Amino acid sequence: MKGLSLKSGLAAAALTLIAAVGVNLAPSAALAHGGVKLEQDECVLRIGPNTMHFIGYQRSGEEQEFCEDIAQTGPTVIALEAVSEELRDMAIGVRVIKDVGGEANEKGDLKAATVFFMEPKVYRNGIMTFEHDFKDAGHYVGIVTVRDDLGNEWTSRFPFTVGLYTFWGMIEYILYGVGFVALVVGMWLAIRAKANKAAQPADVTA
């Protein structure tokens, strides 16, 4: 009986450890890219001294929200919401390009690499929304530009993938799998220990 209790305790401890590891790794996955970061369960895009909320989702099948990497190709909606009050008076524009290996290569022929472009424009409600149909899986770069009425300009870049398995995505699935197995094993050991305890004859004292 002591052995089973010890096993149950170890299983519970392992499950707790896995849960803690999963919590710690999840933000790291979200922080892996450039401008977009997960902060307090919200996707935040930092651009110069200002911040914007970044929301993206796909309409195919179940609507899937994302911060960065897009699970599959197809129509994708992205919304940028100004958090900083200053941004509401600035023109906001966006360009999506295929990743050609860095800014130096982009300067060669930016138009050829561009798959979507929206000219900077002032949105009085502070929300810019656009939709693009990603037909090809691969690596992309999003470039968000804000410009004030004096001509000052700030740019934020964030690489992302479409329709590709990423390292952090695989880690997430592995953690889910390990956590599920640990949960099943822990429950099985607990049930077995309880059954053995119930089957054990009670001590008879004279």
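This is a predicted model: local features need pLDDT of at least 70, side-chain atom pairs count only at pLDDT 80 or more; totals for chains, interfaces and linings use all residues.
**Legends to the close-up views**

View 1. The volume of the largest cavity is about 30 Å³. Its lining consists of Ile-78, Val-96, Phe-130, Phe-134, Phe-158 and Phe-160. Strands β8 (127–134) and β10 each contribute at least two residues to the lining of the largest cavity. By class, the lining of the largest cavity holds six nonpolar residues, no polar ones and no charged ones.

**View 2. The ring pair Phe-54 and Phe-158.** Six aromatic pairs are found when the whole structure is searched. In one of them, the ring centres of Phe-54 and Phe-158 are 5.3 Å apart and the planes stand at 80°, so the pair is edge-to-face. An angle over 60 degrees is what places a pair in the edge-to-face class. Phe-54 belongs to strand β3 (residues 50–58) and Phe-158 to strand β10, so the pair ties together parts that lie 104 residues apart in sequence. Phe-54 has a relative accessible area of 3% and is therefore buried. Phe-158, at 6% relative accessibility, is also counted as buried, the cut-off being under 20%.

**View 3. The aromatic cluster.** One aromatic cluster is formed by Phe-54, Phe-134, Tyr-140, Phe-158 and Phe-160. Among the residues that line the largest cavity are Phe-134, Phe-158 and Phe-160, which are also members of this cluster.

View 4. Four strands, β6 (91–98), β7 (114–122), β9 (138–147) and β10 (153–162), each supply at least two residues of the lining. The lining residues of the second largest pocket are six nonpolar, three polar and three charged. In the lining of the largest cavity, by contrast, no polar and no charged residues are present.

**View 5. Surroundings of Leu-87.** Leu-87 sits in the loop between β5 (74–82) and β6. Its relative accessibility is 1%, so Leu-87 counts as buried. Leaving aside residues up to four places away in sequence, Leu-87 touches Ile-47, Asn-50, Thr-51, Met-52, Ala-82, Ile-92 and Val-146. One of these contacts, Val-146, is 59 residues from Leu-87 along the chain, with a C-alpha separation of 7.6 Å. Another, Thr-51, is 36 residues from Leu-87 in sequence, and the two C-alpha atoms are 8.3 Å apart in space.

**View 6. Surroundings of Thr-51.** Thr-51 is part of strand β3. With a relative accessible area of 15%, Thr-51 is buried. Residues up to four places away in sequence aside, Thr-51 touches Val-44, Leu-45, Arg-46, Ala-82, Val-83, Ser-84 and Leu-87. Ala-82 is included in this list and also among the residues touched by Leu-87.

**View 7. Pro-159 on strand β10.** Pro-159 is located in strand β10. At 31% relative accessibility, Pro-159 is counted as partly exposed, whereas Phe-158 is counted as buried. Between the C-alpha atoms of Pro-159 and Ile-143 the distance is 8.8 Å, for a sequence separation of 16 residues.

**View 8. Chain context for the close-ups.** The protein chain contains four helices and 10 strands. Read from the N terminus, their order is α-β-β-β-β-β-β-α-α-β-β-β-β-α. Of the 206 residues in the protein chain, 33% are buried; Leu-87, Phe-54 and Thr-51 are among the buried residues. Among contacts in the protein chain with a separation of 6 or more, 63% join residues 24 or more positions apart.

Note on methods. Residues are numbered from 1 along each chain as its sequence is written. Side-chain values use heavy atoms; hydrogens and water are left out. Buried means under 20% relative accessible area, exposed over 50%, partly exposed in between (1.4 Å probe, protein chains only). Contact means heavy atoms within 4.5 Å. Ala, Val, Leu, Ile, Met, Phe, Trp, Tyr, Cys and Pro count as nonpolar, Asp, Glu, Lys and Arg as charged, and the others, Gly among them, as polar. Rings of Phe, Tyr and Trp (its six-membered ring) pair if their centres lie within 6.5 Å; planes under 30 degrees apart count as stacked, over 60 as edge-to-face and the rest as tilted. On a 1 Å grid over the protein atoms alone, a cavity is a set of points where a 1.4 Å probe fits but cannot get out, and a pocket is an open set with protein on both sides within 12 Å along at least five of seven lines; lining residues have an atom within 4 Å of a point. Grid points are joined across faces, edges and corners, and a volume is the space filled by probe spheres set on the points.
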